Amino acid sequence: MLRFAEEIMLLLLDDEGEFLRVPDSSLRYALAGGVLMDLAMEDRIDTDLERLILVNPTPVGDDILDPVLADIAAADATHDARYWVEQAASGAYSTREAALERLIARGILERREDRLLWMFQSRRYPLIDGEAELEVKLRIMEVLFADVVPTPRDVVIICLADACGIFTELLSSEDLREVQPRIQLVRRMDLIGRAVVAAVRDIWRFGRTVDGSHS
């Protein structure tokens, strides 16, 4: 099973093996939220409106999740979900690279360096196994456009993508207007770690610090 970070990267991959140019902060907070949501689904953390709670400090055995879990376990005080979203976002570059390395190791992507003008290099990640990318995109688009009942993982991805403004880059303005009521409906569905998604949305709307913006 792919982690949310891997699925988010596949969701953003185009047919040429390049990633959509979403704002850096959008990707950082989406990946941070994905890590925390995976920890919640692994029964390592829980959240309420005021705090993120450590349920089980035992490592998952996952190099994307375990560093964040270790930070939570080592904290001297209890913090809310927003605090931990910010902390996880500070390591989002490592999360992104680890997710890409996994997709390459799984035989889903390959890394290709293209030389431009004899001196500049452009890195692409063409698909080897297109089924994984199609599965992620088709799942999400079927939920949005065909009223397919979403799985809990689909709800997480849709909520994170919406919270970080990713759908504005992924969909045309016309398509986004069409599916906005569906997105709102999905947002109201039961969701483990709802406070994490709420924290991501609040940070994105009212104050981002990881990318240097004021909070």
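The legends below describe several close-up views of one predicted model.

**View 1. Overview of the chain and its order of elements.**
In this predicted model, the chain holds 10 helices and four strands, and from the N terminus on these elements follow one another as α-α-β-β-α-α-α-β-β-α-α-α-α-α. The chain has 215 residues, of which 47% count as buried. Among the contacts in the chain with a separation of 6 or more, 64% are accounted for by residues 24 or more positions apart.

**View 2. Helix α2 against helix α4.**
The axes of α2 and α4 come within 8 Å and cross at roughly 115°, which makes α2 roughly perpendicular to α4. The crossing of these two helices is right-handed. On the side of α2 the contact involves Arg-28, Tyr-29, Ala-32 and Leu-36, and these meet Trp-84, Val-85, Glu-86, Ala-88, Ala-89 and Ser-90 of α4. Sorted by class, the residues in the contact of α2 with α4 are seven nonpolar, one polar and two charged.

**View 3. Helix α4 against helix α10.**
Helix α4 (residues 81-90) and helix α10 (residues 194-206) have axes that come within 8 Å and cross at roughly 70°, and α4 and α10 are therefore roughly perpendicular to each other. In passing α10, α4 makes a right-handed crossing. Ala-81, Arg-82, Val-85 and Glu-86 are the residues of α4 in this contact, and they meet Ala-195, Val-196, Ala-199, Val-200, Asp-202 and Ile-203 of α10. The contact of α4 with α10 has seven nonpolar and three charged residues, and no polar ones.

With its neighbours within four places in sequence left aside, Val-85 is in contact with Tyr-29, Ala-32, Leu-36, Val-196, Ala-199, Val-200 and Ile-203.

**View 4. Helix α2 against helix α7.**
The axes of α2 and α7 come within 10 Å and cross at roughly 155°, and the two helices are therefore roughly antiparallel to each other. As in a view described above, the crossing is right-handed, here with α2 passing α7. The contact is made by Ala-30, Gly-33, Gly-34, Met-37, Asp-38 and Met-41 of α2, together with Pro-152, Arg-153, Val-156 and Leu-160 of α7. By class, the residues of this contact of α2 with α7 divide into six nonpolar, two polar and two charged.

Asp-147 lies in the loop between α6 and α7, and its phi is near 60°, a positive value in a residue other than glycine. Asp-147 counts as exposed because its relative accessibility is 55%. Apart from its neighbours within four places in sequence, Asp-147 is in contact with Glu-142 and Arg-182, and Val-179, 32 residues apart from Asp-147 in sequence, is 9.9 Å apart from it in space, C-alpha to C-alpha. Thr-151 is also placed in the loop between α6 (130-145) and α7 (152-163), and with 38% relative accessibility Thr-151 counts as partly exposed. Thr-151 and Ile-140 are 11 residues apart in sequence, and their C-alpha atoms are 9.9 Å apart in space.

Asp-43 is located in the loop between α2 and β1 (45-47). Although Asp-43 is not a glycine, its phi is positive, at about 60°. With 53% relative accessibility, Asp-43 counts as exposed.

Notes
Residues numbered from 1 in each chain as written. Predicted model: local features only at pLDDT ≥ 70, side-chain atom pairs only at ≥ 80, totals over all residues. Heavy atoms only, no water. Axes fitted to C-alpha atoms, helices over the stretch in contact; angles between N-to-C directions. Parallel < 35°, antiparallel > 145°, perpendicular 65-115°, else oblique. Left-handed = near helix turned anticlockwise from the far one by under 90°. Contact = heavy atoms within 4.5 Å. Nonpolar A, V, L, I, M, F, W, Y, C, P; charged D, E, K, R; others polar. Buried < 20%, exposed > 50% of the residue type's maximum accessible area, 1.4 Å probe, protein only.
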